[in-house]
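Reader: I would like to learn how to read a few features of a protein model. Where do we start?

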Amino acid sequence: MIIDADTHISPIREDNRIQVEELVERMEKANVDKALAWLQPTCDVAESNQYVYESMRKYPDKILGFGWADPREGVDKAVENAKRCLYEYNFYGVKLNGAQNNYYIDDQELAIPVIDVVANSGKILAFHVGADAPDRTNPARVASIAKKYPEMKIFMVHMGGAGTPDLSDEAIAVAEDCPNTYLIGSAIDAGPILKAIKTLGARRVCFGSDTPFRSMKGELNKYYELFKGKVSEEDQKLILGGNIKRLFNI
């Protein structure tokens, strides 16, 4: 089973935005079985989360819904959105993006109230961790949260990529120090992904394409190329879907 752990969908079809039907078409062309889907910035968060939920219901065998909260809309509203995602929509977790939404991901007043909600739910927290906002989304900030909530599983989406110079060395070091963190290797070159696999082991690294910002088929082919002669078939299966299957208990 191949699972793409980083895709975005939107209720609005314009510019580079895609709706779930197009995502499913891209999955079929790339031979991807399931996709972790969250909203595509920057739309209305509540409306977009609802769209992801409706998409998951429409394609229950393909779409793995994941929520989003933006504390810049107001902390109370962000907490409400997170709770709806976790308990009403039964999503697998909630994502925070301090780059797109312009806040520090460990901010005590803005981010921590939302993080508390996710931690109390027993579900997964995801962070955009990228060089496009190297201070606001720095891996060191993830480390402080991972150590404060050692029982909560945390995704570092882009593992410090999404810009140059990337923060992948820092992200890998944090993952070494914090066993409750996992790297999603999207929007980053093959070299850092291979280093993460060699350093952390295949159980801590997940394939992601960052669709529609990048080609799902092209990114999957990148993984196949970096695997050649370097990653065992068993480990490939973990990275390309087995880890998400295990973490999501599906």
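Author: With helices: a helix is a DSSP run of H or I with at least four residues, and helices are numbered from the N terminus. The model here is predicted.

Reader: In which helix is serine 168?

Author: Serine 168 belongs to helix α7, which covers residues 168-177.

Reader: Is serine 168 buried or exposed?

Author: The cut-off for buried is under 20% relative accessible area. Serine 168 has 5% relative accessibility, so this residue counts as buried.

Reader: Which residues does serine 168 touch?

Author: Leaving out residues up to four places away in sequence, serine 168 touches Met159, Gly160, Ile188 and Pro192. There is also a polar contact, at 2.5 Å, between the side chains of serine 168 and aspartate 166.

Reader: How does the lining of the largest pocket divide by class?

Author: Five residues are nonpolar, five are polar and three are charged.

Reader: What volume does the second largest pocket have, and what lines it?

Author: The second largest pocket holds about 150 Å³ of space. Its lining includes Phe91, Tyr92, Lys123, Glu151, Lys153 and Phe248. By class, that lining has seven nonpolar residues, one polar and three charged.

Key. Residues are numbered from 1 along each chain as its sequence is written. This is a predicted model: local features need pLDDT of at least 70, side-chain atom pairs count only at pLDDT 80 or more; totals for chains, interfaces and linings use all residues. Side-chain values use heavy atoms; hydrogens and water are left out. Ala, Val, Leu, Ile, Met, Phe, Trp, Tyr, Cys and Pro count as nonpolar, Asp, Glu, Lys and Arg as charged, and the others, Gly among them, as polar. On a 1 Å grid over the protein atoms alone, a cavity is a set of points where a 1.4 Å probe fits but cannot get out, and a pocket is an open set with protein on both sides within 12 Å along at least five of seven lines; lining residues have an atom within 4 Å of a point. Grid points are joined across faces, edges and corners, and a volume is the space filled by probe spheres set on the points. Helices (H or I, at least four residues) and strands (E, at least two) are DSSP runs, numbered from the N terminus. Buried means under 20% relative accessible area, exposed over 50%, partly exposed in between (1.4 Å probe, protein chains only). A polar contact is a pair of N or O atoms within 3.5 Å; within protein, one must be able to donate a hydrogen and the other to accept it, and residues adjacent in sequence count only if both atoms are side-chain atoms. Contact means heavy atoms within 4.5 Å.
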